[in-house]
Amino acid sequence: MKEVIAIFDIGKTNKKFLLFDEQLQLVFQEEVQFEELTDDDGFACDDIAKLEAWIPQRLKETIRAGQFRIKAINFATYGASLVYLDARGKRLTPVYNYLKTMPVVVMYGFYEQYGRVEAFCRETASPAMGMLNSGLQIRWLKATKPAVFAKVSTILHFPQYLSYCLTGSIVSELTSIGCHTALWDFDQQRYHRWLFDEGIQLPDPIPNDTLFEVQIEGQTIRAGIGIHDSSASLVPYFRASNEPFILVSTGTWCIFMHPFNNEALTTGQLRNDTLCYLSIQQQQVKASRLFMGHIHDVNVPPMANFFGLDDKASRQVAVNEALLKSYLQEPAMVFFREGIPADYLDEGIDYAQFESFDEAYHRFMFDL
């Protein structure tokens with residue numbers, strides 16, 4: 001049997017089960033989507049019960065099939081999500097969606113207690129983002145569902161909860177603590193004092209490469225403690241490179257992660273949606289982002305429509321290097337002369353100035 005490592009990569013939309021061999025080649029992949037449910041407030045949320053059942057089921061099925069021998073398991077999940085356990089270790093609530101609105105009353109007086117919003121955000125390297133600051137979800141639960149909160153014995157980040165479901169071990173680790181949670185004091189390199197002030201205890205972080213042994217279908221398998229998915233993307237580069245680097249992740253959001261910038265965040269950076277993650281080495285990773293993929297997707301359809309083409313026309317455009325070189329000689333903006341609009345669509349552009357869709361698209365991409 002081929003020996004493999006199993007990874008559960010849990011995104012908001014897609015849940016993936018991946019098997020890698022000892023050369024880190026992907027030898028099996030399954031991708032599923034679970035229909036969302038609604039939480040006790042009627043807001044959409046992940047079907048956590050289905051996920052809890054799916055993970056051990058896939059492991060057991062793989063072992064029984066006899067093609068692969070699973071040596072180890074780990075979990076990478078989206079951040080900004082917490083799981084609350086009672087004294088018996090049972091989950092108390094749904095996994096609340098970080099897109100829920102944070103009621104103003106929950107945060108009343110909070111930031112003022114810690115030097116106002118800008119000082120607090122700088123200390124925690126987390127722009128004020130409501131429920132996306134997952135640590136503040138604890139305050140939300142305490143304020144809006146006091147009867148539930150009174151039963152809370154343990155609070156886990158989402159990756160560590162999935163690991164806990166197999167290992168029974170209650171732990172925390174740095175990448176989950178440090179992903180815009182408003183939990184970590186980056187100046188003091190410890191949990192922020194607001195947690196102590198409110199009597200909230202969280203597990204102390206342990207090294208991310210900690211392993212526990214579990215028994216599944218008669219096999220002894222080592223299980224990791226989980227990791228925040230964005231931070232996971234940095235780990236291979238830390239392992240493989242001795243040189244400083246910036247990691248650029250492209251997509252709907254283009255995220256730029258700089259692990260070698262040790263300067264504290266400024267107020268201006270926080271206002272421009274720059275934040276810091278924590279690496280597995282407990283170092284800050286300064287990260288900025290731009291909604292570039294979305295800006296592209298919003299502006300291409302009206303451009304294509306002007307030239308009588310469908311929305312997918314941009315996929316057929318071949319790079320015209322001569323055209324791009326000419327733009328370098330005349331770099332003045334044509335698109336977005338007044339900056340990126342609030343709705344991201346440049347409605348002031350006159351497509352008639354271009355001879356073809358290809359030319360318009362090249363100029364758009366250059367300016368973007």
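A crossing of two helices is right-handed if the near helix is turned clockwise from the far one by less than a right angle, and left-handed if anticlockwise. Helices (H or I, at least four residues) and strands (E, at least two) are DSSP runs, numbered from the N terminus.

The model is predicted, and local features need pLDDT of at least 70, side-chain atom pairs count only at pLDDT 80 or more, and totals for chains, interfaces and linings use all residues. Residues are numbered from 1 along each chain as its sequence is written, and side-chain values use heavy atoms, with hydrogens and water left out.

## Helix packing

Two packed helices are described by the angle between their axes and the distance between the axes. Axes are lines fitted to C-alpha atoms, for helices over the stretch in contact, and angles run from 0 to 180 degrees between N-to-C directions. Angles under 35 degrees count as roughly parallel, over 145 as roughly antiparallel, 65 to 115 as roughly perpendicular and the rest as oblique.

Helix H1 (residues 48–65) and helix H6 (residues 158–167) have axes that come within 11 Å and cross at roughly 50 degrees. That angle makes H1 oblique to H6. The crossing of H1 past H6 is right-handed. On the H1 side, Ile48, Leu51, Glu52, Ile55 and Leu59 meet Phe158, Tyr161, Leu162 and Leu166 of H6; contact means heavy atoms within 4.5 Å. The residues of this contact divide into eight nonpolar, no polar and one charged. Here Ala, Val, Leu, Ile, Met, Phe, Trp, Tyr, Cys and Pro count as nonpolar, Asp, Glu, Lys and Arg as charged, and the others, Gly among them, as polar.

Helix H12 (residues 292–306) and helix H14 (residues 357–367) also have axes that come within 11 Å, and these cross at roughly 160 degrees. H12 and H14 are therefore roughly antiparallel to each other. H12 passes H14 in a right-handed crossing. From H12, the residues Ile295, His296, Asn299, Val300, Met303 and Ala304 meet Phe357, Ala360, Tyr361, Phe364 and Met365 in H14. The contact of H12 with H14 has nine nonpolar residues, two polar and no charged.

## Aromatic pairs

The structure holds 31 aromatic pairs. Rings of Phe, Tyr and Trp (its six-membered ring) pair if their centres lie within 6.5 Å; planes under 30 degrees apart count as stacked, over 60 as edge-to-face and the rest as tilted. Two of the tilted pairs are listed here.

| Pair | Centre to centre | Angle between planes |
|---|---|---|
| Tyr78 and Phe158 | 5.2 Å | 55 degrees |
| Tyr114 and Phe120 | 6.2 Å | 50 degrees |

Tyr78 lies in the loop between strand S6 (68–77) and strand S7 (82–85) and Phe158 in helix H6, so the pair ties together parts that are 80 residues apart in sequence. Phe158 is also one of the H6 residues that meet H1. Both Tyr78 and Phe158 are buried, where buried means under 20% relative accessible area, exposed over 50% and partly exposed in between (1.4 Å probe, protein chains only). In the other listed pair, Tyr114 is buried with a relative accessible area of 3%, and Phe120 is buried with 1%.

One aromatic cluster is formed by Phe306, Phe307, Phe335, Phe336, Tyr351, Phe354, Phe357, Tyr361 and Phe364. Among these, Phe357, Tyr361 and Phe364 of H14 are in the contact with H12.

## Loops and buried residues

Ala80 is found in the loop between S6 and S7. Although Ala80 is not a glycine, its phi is positive, at about 55 degrees. Ala80 counts as buried at 3% relative accessibility.

Ala125 lies in the loop between H3 and helix H4 (134–144). The phi of Ala125 is near 55 degrees, a positive value in a residue other than glycine. At 3% relative accessibility, Ala125 counts as buried.

Thr124 is placed in helix H3 (residues 116–124) and counts as buried at 2% relative accessibility. Leaving aside neighbours within four places in sequence, Thr124 is in contact with Ala182, Trp184, Phe186 and His192.

H4 is mostly covered, with eight of its 11 residues buried. The buried residues of H4 are Ser134, Gly135, Leu136, Gln137, Ile138, Arg139, Trp140 and Leu141. What covers them includes S7, helix H2 (110–113), helix H5 (146–149), strand S8 (154–157) and helix H8 (193–197).

Thr250 is found in the loop between strand S14 (247–249) and strand S15 (254–258), and at 63% relative accessibility Thr250 counts as exposed. Thr250 and Pro236 are 14 residues apart in sequence and 17 Å apart in space, C-alpha to C-alpha.
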